[in-house]
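Welcome! Please take a moment to look over the sequence and the 3D structure before reading on.

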Amino acid sequence: MSEPPVGHLLDAGLLGEPVAAGRQGTAEYVLEAIDLRKRYGHNEVLRGVTFGVHRGDVKAVLGPSGSGKSTMLRCLALLEPVDAGEVRLEGRRIGVRESGGRLVSLPERVLAKERSEIGMVFQRFNLFPHLTALGNVMIGLTEVRGRSKADAREIAQTMIARVGLAERASFYLGELSGGQQQRVAIARALVMNPKVMLFDEPTSALDPELVGEVLAVMEELAREGMTMVVVTHEVGFAKRVADRVIMMDGGAIIEDAPPAEFFGNPQHERTRKFLEAVH
């Protein structure tokens with residue numbers, strides 16, 4: 001299967017400035033989790049998760065089902081409030097404000113604007129079935145950014161072409177394959193010009209023959225310097241693309257290392273057993 005013609009997203013002026021050679025070019029974290037804690041009833045889903053992602057880096061997150069990976073991403077994307085800890089974007093705490101000496105969640109209108117700086121791609125696409133591919137990509141520009149429909153259409157058409165779907169822009173979801181729908185979801189997130197992209201097992205709902213076209217888009221984004229956090233079971237992708245790989249288990253990070261070290265010489269016994277199972 002040929003790679004979708006993604007190329008030159010940065011050159012198109014849609015994703016900001018290109019990153020200099022060597023993707024970890026700054027000590028500043030674009031996205032940072034500090035001691036994140038989240039509980040549902042008696043179930044403590046996140047137990048003090050702390051990590052940061054440098055500008056232009058790709059961080060892959062592995063771990064068994066129920067380890068807290070998806071919840072962590074939803075908290076980072078401000079889709080779930082944390083019980084304790086901080087989420088910081090370019091050093092700025094997001095999702096909350098101080099009121100009367102305590103922290104409270106931001107109003108939904110303000111949260112929506114902060115969320116637009118963090119692109120999120122879900123397992124099940126989360127697209128609107130009553131809209132075309134183009135309409136799905138346009139909606140954030142018109143509803144959140146307040147762009148005119150004409151401007152939004154032009155920007156969205158460019159982005160849809162960049163993920164290889166120009167000829168299907170007018171198609172509804174029922175006329176698109178799962179892989180094509182996921183590429184629409186990626187375009188919808190990218191068109192907002194996010195500072196970081198979060199992917200929650202973006203290929204897990206796809207037939208095996210469709211996985212490659214989505215991974216190709218993601219690999220192209222990585223080559224062009226997009227900051228990314230990717231929850232995945234695609235070990236090959238993590239080996240090829242990630243700058244660092246995280247292992248989560250029981251709501252905590254138990255290993256965080258470069259791919260060669262993570263896969264070649266894992267330090268934690270739980271990591272070793274997990275990798276044996278997935279291989």
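Below is a short tour of the sheets, a helix, the pockets and a few single residues.

## About the model

This is a predicted model, in which local features need pLDDT of at least 70 and side-chain atom pairs count only at pLDDT 80 or more, while totals for chains, interfaces and linings use all residues. Residues are numbered from 1 along each chain as its sequence is written, and side-chain values use heavy atoms, with hydrogens and water left out.

Helices (H or I, at least four residues) and strands (E, at least two) are DSSP runs, numbered from the N terminus.

## The six-stranded sheet

Let us begin with an open sheet of six strands, in the order β8-β9-β10-β3-β11-β12, with mixed pairing. Two strands pair if DSSP finds at least two bridges between them. At the edges stand β8 and β12 (252-257); each has a single partner strand, so one side of each is left without a neighbour in the sheet. On average, neighbouring strands of this sheet are turned by 20° against each other, direction ignored; here axes are lines fitted to C-alpha atoms, for helices over the stretch in contact, and angles run from 0 to 180 degrees between N-to-C directions.

Now walk across the sheet from β8. This strand pairs with β9 (residues 196-200) in the parallel sense over four bridges, and Val121 has Phe199 in β9 as its bridge partner. Four bridges also link β9 and β10 in the parallel sense, with Leu198 opposite Val229 in β10. Next, β3 and β10 pair in the parallel sense over four bridges, and Lys59 stands opposite Val229 in β10. Strand β3 (residues 58-62) runs parallel to β11 (residues 244-249) and is joined to it by four bridges; Leu62 has Met247 as its bridge partner in β11.

## Two covered strands

In a regular strand the side chains alternate between the two faces of the sheet. In β10 (residues 228-231), Met228 and Val230 lie on one side and Val229 and Val231 on the other, and all are buried. Buried means under 20% relative accessible area, exposed over 50%, and partly exposed in between (1.4 Å probe, protein chains only). From β8, Ile118 and Met120 point one way and Gly119 and Val121 the other way, and all are buried.

## The four-stranded sheet

Another open sheet has four strands in the order β2-β1-β4-β5, with antiparallel pairing. Its edge strands are β2 (43-54) and β5 (92-93), each of which pairs on one side only. Strand β1 (residues 29-40) and β4 run antiparallel and are joined by five bridges, with Glu32 opposite Arg88 in β4.

Helix α5 (residues 178-190) has 13 residues and reaches 18 Å from its first C-alpha to its last, close to the 18 Å expected at 1.5 Å a residue; the expected span is 1.5 Å times one less than the number of residues. The helix is mostly covered, with 13 of its 13 residues buried.

The largest pocket holds about 610 Å³ of space. On a 1 Å grid over the protein atoms alone, a pocket is an open set of points where a 1.4 Å probe fits, with protein on both sides within 12 Å along at least five of seven lines, and lining residues have an atom within 4 Å of a point. Grid points are joined across faces, edges and corners, and a volume is the space filled by probe spheres set on the points. Of its 20 lining residues, the closest to the centre are Arg115, Ser116, Gly140, Val144 and Arg188. The elements giving two or more residues to this lining are α2 (108-115), β8 (118-121), α3 (133-143) and α5.

## The second largest pocket

About 310 Å³ of space lies in the second largest pocket. It too is lined by 20 residues, the closest to its centre being Pro81, Val82, Gly95, Val96 and Ser105. Two or more residues each come from β4 (84-89), β7 (102-105) and α2, and β4 gives the most, with four.

## Some single residues

Asp35, found in strand β1, has a positive phi of about 55° although it is not a glycine. Asn193, in the loop between α5 and β9, also has a positive phi of about 55° without being a glycine. Ala260 lies in helix α8 (residues 259-264) and counts as exposed at 66% relative accessibility.
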